[in-house]
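Subject: Structure handover

Hi,

Here is the structure I promised to pass on to you. Have a look at it first, and then read on for what turned up in it.

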Amino acid sequence: MRIGFGYDVHRLVDDRPLILGGVEVPHDKGLSGHSDADVLLHAIADALLGAAALGDIGTHFPDSDPAWAGADSLMLLESVVQSVRDAEYAPHNVDATVVLERPKLRPYIDSMRENVSSSLGVPMDCVSLKATTNEGLGAIGQEKGAQAHAVCTLQPA
Ligand code: MG
């Protein structure tokens, strides 16, 4: 069994969709980034890569590469899962938390879990996603961005 940790942060800006866990969440702002800026999937991808000691998504999908402009992060996640499988590991479970002041994510959490479950090839009960606010503290609390933290385990494939 191998354990990985991932962290990501993106700025909130006007005129971008808010995409989290592969779900477009209705909101007046979205996350900025080279890809679709799905902070949750990026943290999960980094946790998977970390568990397999395969680097990070910045090295796999550099933001200097136009190929990844506007990329669907579910595709990036699936590519990471393939890299993990190539290294003869398989995802076992993931637990992640999004830190975002607004909007409330609860209505979307199960759709996000379905997306992650299908990308990782694990059952829904192996995917835990949570959301919290930052209680108004700091840049995240002032709605300047969103953070995500993830841990995962891998088992031998
Ligand atoms: Mg990112």
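Let me start with the metal site. In sequence, the donor residues of the magnesium ion follow the spacing D-x1-H-x31-H. These protein donors are Asp8 (OD), His10 (NE2) and His42 (ND1), at 2.1 to 2.2 Å from the ion. Donors here are N, O and S atoms within 2.8 Å of the metal (3.2 Å for Na, K and Ca), and as water is not among the atoms, sites may look incomplete.

Before going further, a word on the source: this is a predicted model, in which local features need pLDDT of at least 70 and side-chain atom pairs count only at pLDDT 80 or more, while totals for chains, interfaces and linings use all residues. Residues are numbered from 1 along each chain as its sequence is written, and side-chain values use heavy atoms, with hydrogens and water left out.

**Around the metal**

His10 is part of strand β1 (residues 2–13). Strands (E, at least two residues) and helices (H or I, at least four) are DSSP runs, numbered from the N terminus. His10 counts as buried because its relative accessibility is 14%, and Asp8 is buried too, at 17%. The cut-offs are under 20% relative accessible area for buried and over 50% for exposed, with partly exposed in between (1.4 Å probe, protein chains only).

The side chain of His10 has a polar contact of 3.0 Å with the side chain of Asp8 and another, of 3.3 Å, with the side chain of His42. A polar contact is a pair of N or O atoms within 3.5 Å; within protein, one must be able to donate a hydrogen and the other to accept it, and residues adjacent in sequence count only if both atoms are side-chain atoms. Leaving aside neighbours within four places in sequence, the contacts of His10 include Leu31, Ala37, Val39 and Lys144. Contact means heavy atoms within 4.5 Å.

Ala37 deserves a look of its own: its phi is positive, about 65°, although it is not a glycine. Ala37 sits in the loop between β4 (30–31) and α1 and is buried, with a relative accessible area of 0%.

**The largest pocket**

Which residues are closest to the centre of the largest pocket? This pocket has a volume of about 280 Å³, and of its 14 lining residues, His10, His42, Ile57, Phe61 and Asp63 are the closest to the centre. The elements giving two or more residues to the lining are β1, α1 and α2 (57–60).

As for the method, on a 1 Å grid over the protein atoms alone, a pocket is an open set of points with protein on both sides within 12 Å along at least five of seven lines, where a 1.4 Å probe fits, and lining residues have an atom within 4 Å of a point. Grid points are joined across faces, edges and corners, and a volume is the space filled by probe spheres set on the points.

Phe61 lies in the loop between α2 and α3 and is buried at 10% relative accessible area. Beyond four places in sequence, Phe61 is in contact with Trp68, Leu76, Ser79 and Val80. Gly58, in helix α2, is partly exposed at 46%.

**The nonpolar core**

The largest nonpolar core has 46 residues, and Ile44, Leu48 and Leu129 have the most contacts inside it. Of the elements, α1 gives the most to this core, with 10 residues. Such a core is a set of buried Ala, Val, Leu, Ile, Met, Phe, Trp, Tyr and Cys residues joined through side-chain atoms within 4.5 Å. Among the residues that Leu48 touches, beyond four places in sequence, are Leu77, Val80, Pro91 and Leu154.

**Other spots to check**

- A cis peptide bond, with omega about -15°, joins Arg102 and Pro103; Pro103 is in the loop between β5 and α4.
- Glu135 is not a glycine but has a positive phi, near 55°. Glu135 is in the loop between β6 and α5 (138–141) and is exposed at 65%.
- Ser117, in helix α4, is buried at 10%. A polar atom of the Ser117 side chain lies 2.7 Å from the backbone oxygen of Val122.
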